Amino acid sequence: MRFVAADASDLAGVRQLAADAEAVDILVSNASVMTFSPTIGQDLASYDATFAVNVRAPFLLTALLAEKMAAAGGGSIVNVSTTAAGFGMPGMAVHGGTKAALESLTRTWAAEFTESNVRVNAAAPGPVRTGEGGRGEGMARGFGHRWHGPGHRTQAHLHPGRGGPRDRRSCQGPGQLHDRRDRGRRRWPHRNLRRDRTMDRLAGKHALITGGTSGIGLETAREFLAEGATVAITGRSQEKLDEAARQLDGPLLTIASDAGDVPGQAALAARLREEWPKLDILMSNAADVTHLPIEAWTEEAFDRLLATNLKAPFFLIRDLLPLFSQQSSVILVGSVSAYIGHENATVYGAAKAGLLSYTRGLTHELKDRGIRVNGLSPGPTITNAFAPLGPERQAALYEELRQTVPLHRLGTATELAKAAVYLASDESAYTAGTVLRVDGGIGQLAY
Ligand SMILES: NC(=O)c1ccc[n+]([C@@H]2O[C@H](COP(=O)([O-])OP(=O)(O)OC[C@H]3O[C@@H](n4cnc5c(N)ncnc54)[C@H](OP(=O)(O)O)[C@@H]3O)[C@@H](O)[C@H]2O)c1
């Protein structure tokens with residue numbers, strides 16, 4: 001690690017910083033001036049000083065370093081914004097305004113740099129208690145370096161309390177119980193990866209994933225198990241559930257349950273209450289993905305889609321309330337179709353928009369019970385969801401999507417599963433009521 005003294009308000013200093021950087025793969029524009037001051041009575045000096053650090057410096061650094069990243073084959077830029085950029089807060093006109101500009105730059109850069117494989121995203125923290133060193137220090141430590149600042153000598157501060165024993169007791173119940181490790185067949189899917197602390201992020205946690213026999217749900221079950229969780233998956237047929245169980249290693253429960261059957265959600269919750277002492281993670285993932293032109297919709301098909309994608313998930317959460325632990329995470333799987341209009345997706349998109357709006361309402365309702373609710377919004381992702389189209393139409397659609405998605409590819413179920421691990425784990429303990437978009441930029445960027 002190198003430490004470089006540089007004043008972000010000094011143009012020459014910023015230029016020198018960029019010139020001195022030999023190789024940069026990641027740029028975090030975090031330096032920031034935070035001003036709390038009512039607009040009336042303010043002079044431009046404070047505005048200019050804030051703008052210089054919060055917008056001009058990131059602009060110049062990005063202009064200079066994105067070129068180096070592009071020449072080296074790609075990179076990642078993270079701009080640190082604030083929730084004040086999205087909400088009106090008295091006294092935050094300058095701070096919020098400059099950060100809103102930074103977010104706008106983020107979207108434009110993301111669109112401009114996709115061809116050179118430089119990804120640009122913003123992180124928007126809410127109020128964070130930052131001591132000496134602040135968020136910048138935290139990020140430097142998070143990137144895996146030993147931090148040499150005072151009071152932080154080792155990485156032990158990074159992941160306190162991890163690595164507790166796995167809880168297998170809860171898998172002793174009757175029914176479709178699968179624990180291949182307990183049967184002595186150790187076949188970890190990630191055996192080639194170093195099993196360090198970052199692979200025990202869900203140790204001791206119990207997770208229910210609806211629609212876990214294929215695609216994103218199946219891969220999430222795999223990741224959750226690898227991270228030490230005890231997992232239950234649902235699907236409509238026991239046959240497919242058994243097939244999924246054959247592909248997974250670890251303490252697994254399979255429960256046949258139709259996600260569109262509203263009274264059936266109470267039965268699913270009751271079954272889990274019999275099997276497990278608590279629930280820490282619910283991922284509502286099963287969905288009816290029917291896409292039809294308006295003339296082809298029947299009332300019955302419309303109601304079935306809404307029951308599966310909107311109504312039943314609500315009642316499942318309600319029926320699971322007595323089982324949720326005091327540190328629970330609910331993940332609602334939405335879709336980019338909630339944000340953008342496209343062919344035949346009107347009903348599906350409306351249901352997903354409704355589902356994602358639960359994240360905000362339920363966060364308010366459930367926060368005092370220790371339940372966080374967030375959305376996960378996939379863009380086009382290679383899964384069985386497209387199989388009904390048949391091989392030819394599927395290939396044509398994939399090609400069309402490659403052209404449309406700013407990153408020029410479809411996502412993988414594993415990429416969504418990794419994002420789900422973040423939302424499920426205590427690493428996201430300060431993340432609530434938001435939607436994490438893992439969509440190759442298609443939900444944000446206009447082309
Ligand atoms: N793939 C994409 O491009 C994409 C894009 C945006 C959003 N999404 C969202 O991502 C989620 C997962 O989709 P995927 O792409 O992984 O699809 P997938 O591979 O087809 O998997 C769907 C899963 O849901 C289950 N399921 C479907 N209807 C169900 C029902 N009524 N009751 C219980 N389980 C049901 C299926 O199990 P059984 O067939 O065994 O019942 C299967 O396990 C969905 O919410 C979808 O809307 C996907």
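Strand E7 (residues 251–256) is largely enclosed by the rest of the structure, because five of its six residues are buried; a residue is called buried if 20 or more other C-beta atoms lie within 10 Å of its own, exposed if 12 or fewer do, and partly exposed in between, with C-beta atoms placed from the backbone. This is a predicted model, in which local features need pLDDT of at least 70 and side-chain atom pairs count only at pLDDT 80 or more, while totals for chains, interfaces and linings use all residues. Residues are numbered from 1 along each chain as its sequence is written.

**The chain as a whole**

- The chain has eleven helices and 13 strands, where helices (H or I, at least four residues) and strands (E, at least two) are DSSP runs numbered from the N terminus.
- Of its 447 residues, 38% count as buried.
- Among the contacts in the chain with a separation of 6 or more, 72% are made by residues 24 or more positions apart, a contact being a pair of residues whose C-beta atoms, placed from the backbone, lie within 7 Å.

**Strands E6 and E7**

- Strands E6 and E7 run parallel and are joined by five bridges; two strands pair if DSSP finds at least two bridges between them.
- Within this pairing, Ala232 stands opposite Leu253 in E7.

**The nonpolar cores**

- The largest nonpolar core has 67 residues, and those with the most contacts inside it are Ala207, Phe224, Val231, Ile331, Ala420 and Ala424; such a core is a set of buried Ala, Val, Leu, Ile, Met, Phe, Trp, Tyr and Cys residues joined through C-beta atoms within 7 Å.
- Helix H11 (residues 413–424) gives the most to this core, with eight residues.
- A second, separate core of 16 residues includes Ala8, Leu17, Trp109 and Val118.
- Leaving aside neighbours within four places in sequence, Phe224 is in contact with Leu202, Ala207, Ala229, Val231, Val421 and Ala424.

**Helix H11**

- The buried residues of H11 are Ala413, Leu416, Ala417, Ala419, Ala420, Val421, Leu423 and Ala424.
- At 1.5 Å a residue, the twelve residues of H11 should span 16 Å, which agrees with the 16 Å between its end C-alpha atoms; the expected span is 1.5 Å times one less than the number of residues.

**Met283**

- Met283, in strand E8 (residues 279–284), counts as buried because it has 28 C-beta neighbours inside 10 Å.
- Apart from neighbours within four places in sequence, Met283 is in contact with Ala207, Ile209, Thr220, Ile331, Val333 and Ala420.
- Although Met283 and Leu376 are 93 residues apart along the chain, their C-alpha atoms are separated by 9.4 Å.

**The surroundings of the ligand**

- There are 30 residues around the ligand, of which Gly211, Gly215, Gly235, Arg236 and Ala287 come nearest; a residue belongs here if its C-beta atom, placed from the backbone, lies within 6 Å of the molecule.
- Helix H5 (215–226) and strand E6 (230–235) are the elements that give two or more residues to this shell, and the largest share, three residues, comes from H5.
- By class, the shell has ten nonpolar, 16 polar and four charged residues, with Ala, Val, Leu, Ile, Met, Phe, Trp, Tyr, Cys and Pro counted as nonpolar, Asp, Glu, Lys and Arg as charged, and the others, Gly among them, as polar.

**Ala385**

- Ala385 lies in the loop between strand E11 (381–382) and helix H10 (391–404), and is partly exposed because it has 16 other C-beta atoms within 10 Å.
- Not counting residues up to four places away in sequence, Ala385 touches Gly215 and Val289.

Definitions and conventions:
Two residues are in contact if their C-beta atoms, placed from the backbone, lie within 7 Å.
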